[in-house]
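This briefing is meant to be read with the sequence and the structure side by side. Please keep the model open, and find each residue on it as it is named.

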Amino acid sequence: MKKISKSDIIKLSKLAKVSIDKSKLSSIQDEISEILDHLSALKEIDTSKVKSTSQSTDLKNIFNDDEVQNSLFVEDVISATNNVYNNLFKIDAILNKDD
Amino acid sequence: MINLPNSIEETQQSIFEKKFSCVELVDSYLNRIRVFDDRIKCFLTVSEEQAYDKAKWIDNLVSENQKDDLLNKYPLLGAVFSFKDLFLTKNIRTTAGSKILESYIPQYSSSVYENIMKAGGILIGKTNCDAWAHGSSGENSDYFPTKNPWNYDYVPGGSSSGSAASVTSKFCLSSFGTETGGSVRQPANFCGVFGLKPTYGSISRYGVIAMSSSLDCVGYFTNTTDDSSKIFNTVNISDGFDANFSFASKKIKSKYNIGIPKEFFDNNVDQQVKANIKKAISIFEKNGHNLIEVSLPHTKNAIDVYYIIQPAEVSSNLSRYDGVRYGNSRNFFGSEAVRRILLGTYVLSKGYYDEYYLKAMKVRSILTQEINNVFTNVDFLLAPVSPTPAFKLGEKSKNPLQMYLSDIFTITANIVGIPSLSIPYGNTDLGLPLGFQIMGPRNCENTIFDISKKFESYINFVPAFPNLS
C-alpha cells in the first residue's frame with residue numbers, strides 16, 4: 001500500500017488551514033493512506049467514454065426574478081462576534097505598513 | 001401523566017377532545033427529557049421557553065376556533081418536533097455538534113424550521129449529532145455520544161443520532177435530520193423508526209449547515225408512514241432559496257414491481273438482517289406484488305465514489321469557518337473533520353484531481369445510468385439499510401475506514417439523488433430494531449408512502465418504543 005508522505009499531509013494542512021498535532025501525524029498518515037488505498041479501486045473502471053456528473057438533478061440555469069428583498073440588519077450580521085470595529089469585521093493584516 | 005401520542009392525528013384528536021392541553025403535552029415531553037435524557041443524551045439545547053410559548057398560543061387558538069378551520073390553516077398543529085443541530089433556528093443556539101459553533105446564535109432560521117412552525121409545530125429542542133454531520137454512529141459529536149434508547153451500550157446510528165433517538169425515546173413526536181450518506185435512514189433503522197431521505201433538492205436546504213452540497217438532503221423521522229406523508233406535504237414547497245427544487249408526483253398503483261438488488265445481499269450482510277428482510281419480501285409476495293431479482297454491479301463502487309466526492313465538497317464547505325464572522329478558530333475542529341478536510345483537499349489538488357475527483361464524478365454518471373435503467377423495469381428497490389444492526393459504542397470508532405464502510409447500502413441513493421424510506425420491521429434476538437429501505441425513482445415519495453402504508457396494513461403495524469431506564 002503506497003503511503004501518503006508526512007510532508008504531503010503537512011502541506012495539505014497548510015493549504016486547508018487546519019492544525020495537526022505533531023504527535024498524531026503518524027496515525028493520520030496511516031488512516032489516510034488506508035482510505036486512499038480503498039478509493040483507488042475506482043481505477044479499474046473504464047470511464048473513457050463517460051461524461052462526469054456534478055449534480056443529480058439535470059436542472060440548468062434556475063433563476064429568480066431580480067427583485068430587491070429585505071436583508072439582515074447590520075446589528076444582526078455583526079452579532080455573532082466581538083471582533084468588530086465601526087460595524088466592520090476585524091481580520092488579520094494582509095499587508096504590512098511598509099507594503 | 002398523559003398518554004403521549006404516537007402520531008399527528010392522535011396529537012390533534014387528543015387536543016381537540018380535551019384529553020390534554022398543548023401545555024400539558026409539552027410538560028409531559030419535558031418531564032420525560034428531564035428524567036431520561038441524562039443517560040441517552042439526545043439534546044444539546046432544550047428550548048423550554050419557546051415550547052411553552054407556542055403551546056399556550058395553540059391552546060388559545062383551540063379554545064376560540066373551529067377544529068377544521070384550524071387544521072386547514074395549521075396542518076401540523078400541536079405536533080412536537082426536535083431539530084438536528086444543523087438547522088439554523090433564529091436566536092436559539094446552533095452548534096452543528098461542533099466546538100467551533102459552541103456559542104453560535106443564528107440571526108435567521110432555516111426554511112424548513114420556519115415552515116414547520118408556521119404549520120403549527122412546536123420546537124422542543126436541538127439534537128446532538130456527529131460534528132458537521134461527519135459520522136455514522138453519533139460518536140463524532142464534539143460534545144458526547146448519544147446512546148441507543150433500546151440498549152444504552154449501542155449506538156443510535158448517525159449522523160442524526162439525537163434526532164432518531166429523541167423520537168424513539170418519545171421526547172418528541174417527530175424530528176428533522178439531514179442525509180448526505182445515510183444519516184437519516186441508518187439511525188432510523190438502528191432506532192426502529194421511519195426515516196425519509198427525499199429526492200435531492202425536494203426539501204429546501206436554506207439555513208441548513210452545509211456538508212457536501214451535491215449530496216445533502218433534509219430528512220426526518222416519524223413513528224408512522226402517515227406522519228411521514230403529512231410532513232412531506234408541508235415541506236415539499238419551493239422557497240426560492242434552493243435551486244434544486246422539484247415537486248413529488250402523485251402516481252400510485254395497486255400492485256408494484258419490487259426489485260431485489262443482489263449486490264445488497266452478499267456475504268457482508270448480517271444473518272439476522274438478511275433473514276428478517278426475506279420475511280418482509282415474502283409478505284409483499286403474498287400480497288400480490290412482483291419481486292424481481294435485479295443486478296446493479298456499480299453499486300459496489302458507490303462507497304469509493306462517495307468518499308471522494310463528499311470529503312472534497314466538505315473541504316470546500318468548511319472553509320467558511322474562519323472565526324471571523326462567527327465561531328471559534330479552526331483549531332477547534334475535531335479529528336474526523338480534519339481527516340475529511342485533508343482527504344478532500346488531497347483529491348482536489350493538482351496531480352490527484354483527475355485520478356480521484358474527476359474519476360469519481362464519471363463513475364457517478366455510470367451509477368446514475370444504471371439506477372435509471374433499473375427503474376424502467378421495477379417501481380422500487382428493496383434492500384437492507386445497513387449490513388449490521390446497531391453496533392456497540394466504541395466498536396468501529398477507532399478505525400475510520402471501518403466506520404465509512406458501514407454506509408455501503410445507503411450511499412447509492414445519495415449519489416444518484418433518489419428518495420428512500422427506511423421502514424422499521426422486526427428485531428434482533430437482543431431486542432435491537434431491524435428493518436429495510438425502499439428506494440424509488442426521483443420524485444416518487446408519494447408512491448413510496450403508498451407501498452409503505454400497504455406494508456403497515458399487511459403486518460397490522462403498531463409503533464413500538466423501548467421502556468427507558
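This is a predicted model: local features need pLDDT of at least 70, side-chain atom pairs count only at pLDDT 80 or more; totals for chains, interfaces and linings use all residues.

In what follows, two residues are in contact when they have heavy atoms within 4.5 Å.

**Helices H8 and H15 of chain B**

- Thr225(B), Asp226(B), Ser228(B), Ser229(B), Phe232(B) and Asn233(B) in H8(B) are in contact with Glu445(B), Asn446(B), Phe449(B), Ser452(B), Lys453(B) and Glu456(B) in H15(B).
- When these contact residues are sorted by class, two are nonpolar, six are polar and four are charged.
- Helix H8 of chain B covers residues 225-235 and helix H15 of chain B covers residues 445-458, and the two pack with their axes 9 Å apart at an angle of about 165°.
- Angles over 145 degrees count as roughly antiparallel, and H8(B) and H15(B) are therefore roughly antiparallel to each other.
- The crossing that H8(B) makes with H15(B) is left-handed.

**Helix H10 of chain B and its partners**

- H10(B) packs against helix H12 of chain B, which covers residues 354-374, at an angle of about 130° and with the two axes 9 Å apart.
- That angle makes H10(B) oblique to H12(B), and the crossing of these two helices is left-handed.
- On the H10(B) side the contact is made by Ala302(B), Val305(B), Ile308(B), Ile309(B), Ala312(B) and Glu313(B), and on the H12(B) side by Tyr356(B), Tyr357(B), Ala360(B), Met361(B), Val363(B), Arg364(B) and Leu367(B).
- In this contact of H10(B) with H12(B), eleven residues are nonpolar and two are charged, while no polar residue takes part.
- H10(B) also packs against helix H11 of chain B, residues 335-348, where the axes lie 7 Å apart and the angle is about 105°.
- Angles of 65 to 115 degrees count as roughly perpendicular, and H10(B) and H11(B) are therefore roughly perpendicular to each other.
- Among the residues that form this contact are Tyr307(B), Ile308(B) and Pro311(B) of H10(B), together with Ile341(B), Gly344(B) and Leu348(B) of H11(B).
- The contact of H10(B) with H11(B) holds nine nonpolar residues, four polar ones and one charged one.

**Cavities**

- The model has four cavities of 30 Å³ or more, and the largest cavity holds about 70 Å³ of space.
- This largest cavity is lined by 14 residues, and those closest to its centre are Gly135(B), Ser136(B), Ser183(B), Tyr306(B) and Asp407(B).
- Helix H10 of chain B, residues 302-317, gives the largest share of the lining of the largest cavity, namely three residues.
- By class, the lining of the largest cavity is made up of four nonpolar, eight polar and two charged residues.

**The largest pocket**

- The largest pocket contains about 630 Å³ of space.
- Of the 30 residues that line the largest pocket, Leu88(B), Tyr108(B), Gly207(B), Val208(B) and Arg320(B) lie nearest its centre.
- The lining of the largest pocket divides into 19 nonpolar residues, six polar residues and five charged residues.

**Backbone details**

- Gly158(B) and Ser159(B) are joined by a cis peptide bond, with omega at about 10°, and Ser159(B) sits in the loop between strand S3 (122-127) and helix H6 (161-168) of chain B.
- In chain A, Lys17(A) lies in the loop between helix H1 (6-15) and helix H2 (25-39), and the phi of Lys17(A) is near 50°, which is a positive value in a residue other than glycine.

Terms used
Residues are numbered from 1 along each chain as its sequence is written. Chains are lettered from A and ligands numbered from 1 in the order in which they are written. Side-chain values use heavy atoms; hydrogens and water are left out. On a 1 Å grid over the protein atoms alone, a cavity is a set of points where a 1.4 Å probe fits but cannot get out, and a pocket is an open set with protein on both sides within 12 Å along at least five of seven lines; lining residues have an atom within 4 Å of a point. Grid points are joined across faces, edges and corners, and a volume is the space filled by probe spheres set on the points. Helices (H or I, at least four residues) and strands (E, at least two) are DSSP runs, numbered from the N terminus. Ala, Val, Leu, Ile, Met, Phe, Trp, Tyr, Cys and Pro count as nonpolar, Asp, Glu, Lys and Arg as charged, and the others, Gly among them, as polar. Axes are lines fitted to C-alpha atoms, for helices over the stretch in contact, and angles run from 0 to 180 degrees between N-to-C directions. Angles under 35 degrees count as roughly parallel, over 145 as roughly antiparallel, 65 to 115 as roughly perpendicular and the rest as oblique. A crossing is left-handed if the near helix is turned anticlockwise from the far one by less than a right angle, and right-handed if clockwise.
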